[in-house]
Amino acid sequence: MSSRRLQTKPMITCIKTFLVSYSLIFWLTGVILLGVGVWGKVNLEAYFSLASEECTNAPYVLIGTGAFIIVFGLFGCFATCRGSPWMLKLYAMFLILVFLSELVAGISGFIFRHELQNQLGHTYENAVRLYNKIDSSSSAVDAIQRSLHCCGVNNYTDWSETTYFATHGIPASCCRSDAVCTENNLRVLATAADLVYSQGCFTVMTQTVEANLGIIAGISFGISCFQIIGIFLACFLSRYISKNQYEMV
């Protein structure tokens, strides 16, 4: 019995070392996911304000998931150090739950990415048509045109069909950084052509959103695959401890 215990203890210590290391890395991925959520909320705010409520909540989902991962990453370290089988099983169940949630979210995002682009284009077109420089959607249009160096939906001539153009011309957010724009010359399309960005926003906007969503999806997919290692280690250690009736000294 003593000889078996001497053989068992190094094995469990080795597994625990791997699982503690994994839990610390898992905790770090939670911090990264939390950071990605905050980054998405700050940098993609203009795009989300034009999308549906479900899309607007996407950064908060990442922030919430990252926060839970941080908490359970620390819990995993504690459970491993304690060598408690039921804590390890609870930790494994949490990893399985997060893995399945991220997998479903990633697949859904990939399948419906074109619907998101179409919805974004439709809402942006409405925002341009109803632009008044005051409401939140108008502020989002200005932010997008300034940051992406674009104008209108397809090009700057789209503004000529809006009510705002009849009284104010093309919005100043369309002006190139090296151009001197006044309300008078922005009312004439021929004059404004040399002052504003010629490229439309729809193409640039969808490419930017798709690229950023690709970054978020890639990070989330990498984290979800990494969790398989933790699930295996937690289940194996719990089973091994229970089988050998190992007790922490």
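This is a predicted model: local features need pLDDT of at least 70, side-chain atom pairs count only at pLDDT 80 or more; totals for chains, interfaces and linings use all residues.
Which residues form one aromatic cluster?

View 1. The cluster is formed by Tyr22, Phe26, Phe72, Phe75, Tyr91 and Phe94. A search of the whole structure returns nine aromatic pairs.

**View 2. The edge-to-face pair of Tyr131 and Trp159.** The ring centres of Tyr131 and Trp159 lie 5.1 Å apart, with 80° between the planes. Tyr131 is placed in the loop between α6 (113–129) and α7 (136–148), and Trp159 in the loop between α7 and α8 (163–168). The pair thus links distant parts of the chain, 28 residues apart. Tyr131 and Trp159 are both buried.

**View 3. The edge-to-face pair of Tyr131 and Tyr164.** The pair of Tyr131 and Tyr164 is classed as edge-to-face because the ring planes stand at 90°, with the centres 4.8 Å apart. Tyr131 belongs to the loop between α6 and α7, whereas Tyr164 belongs to helix α8, so the contact ties together parts 33 residues apart in sequence. Tyr131 has a relative accessible area of 4% and is therefore buried. Tyr164 also counts as buried, because its relative accessibility is 11%, and the cut-off for this class is under 20%.

**View 4. A nonpolar surface patch of about 410 Å².** Trp27, Leu28, Val31, Ile32 and Leu74 make up this patch. Helix α1 (residues 2–43) supplies the largest share, four residues. Leu74 is located in helix α4 (residues 58–82). With a relative accessible area of 49%, Leu74 is classed as partly exposed, because exposed residues have over 50%.

Definitions and conventions
Residues are numbered from 1 along each chain as its sequence is written. Side-chain values use heavy atoms; hydrogens and water are left out. Patches are made of residues with over 30% relative accessible area and no salt bridge: like charges are joined within 9 Å, nonpolar side chains (Val, Leu, Ile, Met, Phe, Trp, Tyr) within 5 Å. Accessible areas come from the Shrake-Rupley method with a 1.4 Å probe; for residues, only the protein chains shown count as cover. A salt bridge is a side-chain nitrogen of Lys or Arg within 4 Å of a carboxyl oxygen of Asp or Glu. Helices (H or I, at least four residues) and strands (E, at least two) are DSSP runs, numbered from the N terminus. Buried means under 20% relative accessible area, exposed over 50%, partly exposed in between (1.4 Å probe, protein chains only). Rings of Phe, Tyr and Trp (its six-membered ring) pair if their centres lie within 6.5 Å; planes under 30 degrees apart count as stacked, over 60 as edge-to-face and the rest as tilted.
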